[in-house]
Amino acid sequence: MTRPVLIAPSILSADFGKLADEIRAVDAAGADWIHCDVMDGHFVPNITFGAPVIKSVRGASKKIFDVHLMIAPADPYLADFAAAGADIITVHAEAGPHLDRSLQAIRALGKKAGVSLNPSTPENVLEYCLDRIDLILLMSVNPGFGGQSFIPSAIEKIRRVKTLVGSRPIDIEIDGGVTPETAPEIVKAGANVLVAGSAVFKGGSQTSYASNIAAIRKAANA
Ligand code: DX5
Ligand code: ZN
């Protein structure tokens, strides 16, 4: 199935001092989804924000809030993120022993369920859960920080995941080191959602966000 390429700016690279304004700006600049990177300082070596912050900025955009949980455990907080206004909630397969249970819990909250894999995690962990998954988020950097370089082995992984997914209605999202230079290979391999933090928020103004998003989109669709 061919899905249109979507751009999901990661607010990790936004100015947190004016986060709602940054979301309004990136929305007006052409973002398809708003990607929210939640980090706990335990599953990943960095801390960002939690459900209360997402709740407070939710009103800044009507677009899909794509919430990437880099937290362990995740299950005790799923209801909070659902109540905060997440549309998609993605957990890491490495974050707990019961991925199938986490996915059922997310769907029971009425949200789309995502699974993320670190660069070193093989895609076969998805195999028995495919019918419970709406989105697969492949990390192309080790999660924790924006501005890292794209890990090339992610391309082969996208291809394998695309084959695994077959005709199921599952989005394949790539996260880390996405730029106009890396986007063409990513999309060619089979991903349809591109997360980009530093490549979108560089320049610090709505005008630059618009040209940054347009550059990624153009490269992705070339
Ligand atoms: C990494 C986060 C990414 C990150 C991407 O842990 O999950 O979403 O913000 O940042 P860039 O696009 O700068 O690599
Ligand atoms: Zn992310």
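Eight strands form an open sheet in the order β1-β8-β7-β6-β5-β4-β3-β2, with parallel pairing, where two strands pair if DSSP finds at least two bridges between them. Helices (H or I, at least four residues) and strands (E, at least two) are DSSP runs, numbered from the N terminus. This is a predicted model, in which local features need pLDDT of at least 70 and side-chain atom pairs count only at pLDDT 80 or more, while totals for chains, interfaces and linings use all residues. Residues are numbered from 1 along each chain as its sequence is written, chains are lettered from A and ligands numbered from 1 in the order in which they are written, and side-chain values use heavy atoms, with hydrogens and water left out.

- The edge strands are β1 (6–9) and β2, each of which pairs on one side only.
- Direction ignored, neighbouring strands of this sheet are turned by 25 degrees against each other on average.
- β1 and strand β8 (residues 193–196) run parallel and are joined by four bridges, with I7 standing opposite L194 in β8.
- Strand β4 (residues 88–92) runs parallel to β5 and is joined to it by five bridges, and V91 stands opposite V115 in β5.
- In strand β5 (residues 112–117), five of the six residues are buried, where buried means under 20% relative accessible area, exposed over 50% and partly exposed in between (1.4 Å probe, protein chains only).

**Helices α1 and α8**
- α1 and helix α8 (residues 206–221) pack with their axes 8 Å apart and at an angle of about 45 degrees; axes are lines fitted to C-alpha atoms, for helices over the stretch in contact, and angles run from 0 to 180 degrees between N-to-C directions.
- That angle makes α1 oblique to α8, because angles under 35 degrees count as roughly parallel, over 145 as roughly antiparallel, 65 to 115 as roughly perpendicular and the rest as oblique.
- E22, A25, V26 and A28 in α1 meet Q206, Y209 and I213 in α8, contact meaning heavy atoms within 4.5 Å.
- α8 also lies across β1 and β8, running at about 145 degrees to β1.

**Residue A31**
- A31 is placed in the loop between α1 (19–28) and β2 (33–39), and it counts as buried because its relative accessibility is 2%.
- Leaving aside residues up to four places away in sequence, A31 touches I7, P9, V26, K63 and I213.
- From A31 to P73 the separation is 42 residues in sequence and 30 Å in space, C-alpha to C-alpha.
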